[in-house]
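Subject: The structure, and what turned up in it

Hi,

Here is the structure for you to open alongside this email.

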Amino acid sequence: MTLGRRTALGFLGASMISALGACAAPDGPSSSTPETPAAANTAGSERPGSLRKPLLTDDAPARRPRARFTPDFKLPPVQNGLAPVITKIETKHPVVFLTIDDGVTKTPEMVRLLADYDYPASIFLTRNFVQDNPDFFKQFAAQGSLVENHTLSHNINMVTQMGYQQQLAEINGMQEYAQQHFGRRPTLFRPPGGAYSVAMRQAVAAAGMKAIVTWEAKSNTGHMDYQYGKALRPGDIVLMHFRPEFAADLAAFRAAQLAAGLEVVLLEDFLGVA
């Protein structure tokens, strides 16, 4: 009997040791173990649905959701074969529209600044200025901007030097180039230098575009120029260029935009031609 008790106690002790070992943490994570914050959000990575703010440059403003507006402006249709001309959007909404022309200068800073400020822009490109590196401008499209038509050669005298067929060739050629390289046919046209004519309006309509877009405000050489007044107004279409002074021009625009309490909205979205 004594030997039997000792044997039983030995078996009991072994069972207790085995049970304690089973309570120890497993070598690998179990399916029911939640992911720790450190593992879930490592520097430089984002999980889908993460609530953390995107990583911007150190001096960039924090992004906030873009305001959405129900357009209160209706784009006039093409009538009698003539595309309408839009200089300013008549709206009661606190919105402003950024447009950037040409494409001569291309720097990483331009891409970074538009991304940091989360500005969508209508980018009116000229083939002869961008054909050395069209992929550069795809970065803006990935941010929510759209490429539009600014002709093949940027002849600022095309209204006086070119007839209808020549203008149509300039415009249609850029339509094809934009489709090929950016995957979308432009819906808006900007004349080089801003001058337009009846023949140009006919050519723009024949090329399948919805409007000619000009401007009444521009950011140039680091300061704002206004055709009317001394500040941005709701519905203003602002002109900029891809030039070496891009950062200074964008800073001038941003100061004016914030001072006026306006939201930067994509022109194509507001016109319904995106």
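Which residues of helix 3 are buried? They are Met110, Val111, Leu113, Leu114, Ala115 and Asp116. Keep in mind that this is a predicted model. The cover over the buried residues of helix 3 includes strand 2, helix 5 and helix 9.

First, some orientation. The protein has 274 residues, and 42% of them count as buried. It is built with ten helices and ten strands. If you take the contacts between residues at least 6 apart in sequence, 71% of them join residues at least 24 apart.

Helix 3 and its surroundings

Let's stay with helix 3 for a bit. Two packed helices are described by the angle between their axes and the distance between the axes. Helix 3 packs against helix 5 (residues 135–143) at an angle of about 5 degrees, and the axes are 10 Å apart. Angles under 35 degrees count as roughly parallel, so helix 3 and helix 5 are roughly parallel to each other. On the helix 3 side, the contact is made by Pro108, Met110, Val111, Leu114 and Ala115. Helix 5 brings Phe136, Gln139, Phe140 and Gln143 to this contact. By type, the residues of the contact between helix 3 and helix 5 are seven nonpolar, two polar and no charged.

Asp116 has 7% relative accessibility and so counts as buried, while Arg112, at 31%, counts as partly exposed.

Asp118 belongs to the loop between helix 3 and strand 3 and, with 22% relative accessibility, counts as partly exposed. Thr151 is another non-glycine with a positive phi, of about 75 degrees. You'll find Thr151 in the loop between strand 4 and helix 6 (158–161). Its relative accessible area is 0%, so Thr151 is buried.

Salt bridges

The count comes to eight salt bridges.

- Arg184 and Glu148 meet through their side chains at 3.1 Å, N to O. Arg184 is in the loop between helix 7 (164–182) and strand 5 (188–189), and Glu148 is in strand 4 (residues 146–149), so this pair ties together parts that are 36 residues apart in sequence. Both Arg184 and Glu148 are buried.
- Asp236 and Arg233 form a salt bridge at 2.9 Å, N to O. Asp236 is buried, with a relative accessible area of 1%, whereas Arg233 is partly exposed at 25%. Glu216 joins Arg233 and Asp236 in one network, through salt bridges that share partners.

In soluble globular proteins, nonpolar side chains tend to be buried together. Here the largest nonpolar core has 34 residues, and Leu98 and Phe253 touch the most other members. The elements that give two or more residues to this core include strand 2, helix 3, helix 5 and helix 7. Helix 9 gives the most to this core, with five residues. Setting aside neighbours within four places in sequence, Phe253 is in contact with Val96, Leu98, Tyr119, Ser219, Met224, Leu232, Val238 and Val264. Apart from that core there is another, of 16 residues, among them Ile86, Val95, Leu188 and Val265.

Val96 is found in strand 2 (residues 95–102) and is buried, with a relative accessible area of 0%. What does Val96 contact, leaving aside its neighbours within four places in sequence? The list includes Phe253, Leu232, Val238 and Val264, along with Asp236. Val96 and Val264 are 168 residues apart in sequence, yet their C-alpha atoms are 5.1 Å apart in space.

Over to you!

Note on methods
Residues are numbered from 1 along each chain as its sequence is written. This is a predicted model: local features need pLDDT of at least 70, side-chain atom pairs count only at pLDDT 80 or more; totals for chains, interfaces and linings use all residues. Side-chain values use heavy atoms; hydrogens and water are left out. A salt bridge is a side-chain nitrogen of Lys or Arg within 4 Å of a carboxyl oxygen of Asp or Glu. Buried means under 20% relative accessible area, exposed over 50%, partly exposed in between (1.4 Å probe, protein chains only). Helices (H or I, at least four residues) and strands (E, at least two) are DSSP runs, numbered from the N terminus. Axes are lines fitted to C-alpha atoms, for helices over the stretch in contact, and angles run from 0 to 180 degrees between N-to-C directions. Angles under 35 degrees count as roughly parallel, over 145 as roughly antiparallel, 65 to 115 as roughly perpendicular and the rest as oblique. Contact means heavy atoms within 4.5 Å. Ala, Val, Leu, Ile, Met, Phe, Trp, Tyr, Cys and Pro count as nonpolar, Asp, Glu, Lys and Arg as charged, and the others, Gly among them, as polar. A nonpolar core is a set of buried Ala, Val, Leu, Ile, Met, Phe, Trp, Tyr and Cys residues joined through side-chain atoms within 4.5 Å.
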